[in-house]
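I opened my notebook to look up how this chain is put together.

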Amino acid sequence: MKLYDELAEWWPLFSAPENYAEEAAFFARVLAESGKPAPRTVLELGSGGGNNAFYFKSKFEMTLVDLSPQMLAISRKLNPECDHREGDMRTVNLGRTFDAVFVHDAIAYMTSAADLSAAIRTAYRHCRVGGVALFVPDCVRETFVAETKHGGHDGDDGRSLRYLMWVVDPDPTDTTYRTDFAILLRDNRGDTRVVHDSHIEGVFPRAEWIRLLCEAGFEPRALTDEWGREIFVAKRPH
């Protein structure tokens, strides 16, 4: 996916840290209220450009794992205090446990039940007994909505980015949908170019989420966040 590879240096103009303040505060509160005692160490799987960690790091000791070295480089600039590790959320093993595990919208790139199960088991493996994992998919099958959105930002360095996002589900009977981005980039000389980037993402019924979380050993519950998304809080009892 170009957005996390050749376009990674543009990420802060695609999705700026300031856009994450309210969400990060909500997620941090859920983690703090769900873990007893409140978590001190947090592992984020699929941490991307580090925008959630930018707010979490004042409350938790953060370890950030992402598959893209380019995105980790962006995050290191934003969050030099955090421990960054390159790895796939389906297979990574850091050899230690954390008070909490956080998985934001990168979970959408699990496009099969096997992938989703592997990511959930990774979270379980890294979650201490009595700890909690928080999964934040963009949607479950029951709440999926085809839509278009747009956004982008101007940078202090003279660069600008604008995008149009188009979300469709060509086959509602399978576990994937498609998100296409038309991304307009303007460099600091004023030259512009357009990039098309297409992402295949996963979507699963609520019951499948619960089943896979239980199979991994979690005690899960679903809740609706302040933006209407269905998210999953999963405790590790043993």
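**Helices against strands**

I began with helix H5, residues 113–126, which lies across strands E1 (41–45), E4 (98–103) and E5 (127–135). I read its direction as about 145° to E5. I kept in mind that this is a predicted model.

Next I looked up helix H4, residues 69–78. H4 lies across strand E2 (61–66) and E3, and runs at about 175° to E3.

**The sheet**

In what order do the 7 strands of the open sheet stand? I noted E3-E2-E1-E4-E5-E11-E10, with mixed pairing. Neighbouring strands are turned by 20° against each other on average, direction ignored.

I reminded myself that strands of a sheet pair through backbone hydrogen bonds, either parallel or antiparallel. Which sense do E10 and E11 use? I found E10 paired with E11 (residues 230–235) in the antiparallel sense, over 6 bridges.

The largest cavity has a volume of about 60 Å³.

I then listed its lining: Ile 107, Ala 108, Pro 137, Asp 138, Cys 139, Tyr 177, Gly 202, Val 203, Phe 204 and Trp 209. I sorted these lining residues into 8 nonpolar, 1 polar and 1 charged.

Terms used. Residues numbered from 1 in each chain as written. Predicted model: local features only at pLDDT ≥ 70, side-chain atom pairs only at ≥ 80, totals over all residues. Heavy atoms only, no water. Pairing = 2+ DSSP bridges. Helix = DSSP H or I, 4+ residues; strand = E, 2+ residues; numbered from the N terminus. Axes fitted to C-alpha atoms, helices over the stretch in contact; angles between N-to-C directions. Contact = heavy atoms within 4.5 Å. 1 Å grid on protein atoms, 1.4 Å probe; cavity = no way out; pocket = protein on both sides within 12 Å on 5 of 7 lines; lining within 4 Å. Points joined across faces, edges and corners; volume = space filled by probe spheres on them. Nonpolar A, V, L, I, M, F, W, Y, C, P; charged D, E, K, R; others polar.
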